[in-house]
Amino acid sequence: MKKIGFLSFGHWNPHPQSRTRSAGDVLRQSIDLAVAAEELGADGAYFRVHHFAQQLASPFPLLAAVGAKTSNIEIGTGVIDMRYENPFSMAENAGAADLIAGGRLQLGLSRGSPEQVIDGWRHFGFQPAPGETEQDMARRHTEVFLDLLRGEGFAQPNPRPMFPNPPGLLRLEPHSEGLRERIWWGAASNATAVWAARMGMNLQSSTLKTDETGQPFHVQQAEQLRAFKAAWQEAGHAHTPRTSVSRSIFAITSDLDRAYFGRQQGSDQFGHIDNFRAVFGRSYAAEPDKLIDQLRQDEAIAEADTLLLTVPNQLGVEYNAHVIENILKHVAPALGWR
């Protein structure tokens, strides 16, 4: 394991016990948590994107703000639903946010997850082309986005422009060199992981995966990562890929930790979601020495180069910084981090 970051779903709720009672609370606290995580030595600050929900949605204003407030930490998404995205405006927004951050964006994309509303992407003006599924549409948007990130000109310049143009066809601006190699795909199945490798995207694998063998979650996820790496090598890409896995991990070092998470036993769960059989990975909560022993048996954590810790953002910045510090200080070094 080379890098450890956090992944926030950005929930808010007006309940009196929630520390994030509004969208403004979540956005401001997301920035503050990224700053705190960087000060603690964490490697990444990642944010989930969900539409039509009381969660983080439009990612680029947040990514730009985090980029302006931090200096070293990677800033990313896990994941942006590409059914909802115009790849042209997204390329401009991504380029701007990456330049503000000094080239630290790590953008996770995906075809999306089950939604709060029926076919929400239609409200954004998108619909699959004849013969396409919504998954096909997400991949089409992604392929256009990846092509735009190459920074090659494609648009015919106006012969009488308002401002002088450089010679040749024009590209979208601002362009951020190197961002194309920092695009990830969130894959649930082995086949999708292989597709991502062929497309030259890094791999994000979450706490949910298509159940393909009936084996424990971490075993299936490790197999997915190995399939991705094999496909990457076969595709002959010039650079080395990255892989990440997400986990809910809590090191119990205080009475408050025990009150929040001490009763979580954690076990894989099998079920159906979005018309496919899935396996949901277990949560981990224990004293640091026990936690280290448990995590050493997780094959996917050993196979990945990046671990993303899902955080309970509604408990506030101070407590979430404590959760991250517990892992970095008491658990991660024993697992080979740094």
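Helices (H or I, at least four residues) and strands (E, at least two) are DSSP runs, numbered from the N terminus; axes are lines fitted to C-alpha atoms, for helices over the stretch in contact (heavy atoms within 4.5 Å), with angles from 0 to 180 degrees between N-to-C directions. This is a predicted model, where local features need pLDDT of at least 70 and side-chain atom pairs pLDDT 80 or more, while totals for chains, interfaces and linings use all residues. Residues are numbered from 1 along each chain as its sequence is written, and side-chain values use heavy atoms, leaving out hydrogens and water.

The sheet is open and antiparallel, with its 3 strands in the order 8-12-11; two strands pair if DSSP finds at least two bridges between them. Strand 8 (208–210) and strand 11 (269–273) are the edges, each pairing on one side only. Strand 11 and strand 12 (residues 276–280) share 5 bridges, and Gly-271 sits opposite Ala-278 in strand 12.

## Around His-175

Let's move to the loop between helix 4 (134–148) and strand 6 (183–186), where His-175 is found. Not counting residues up to four places away in sequence, His-175 touches Leu-99, Leu-149, Arg-150 and Gly-151.

## Contacts of Phe-145

Leaving aside neighbours within four places in sequence, Phe-145 is in contact with several residues, including Met-82, Pro-87, Leu-107 and Ile-183.
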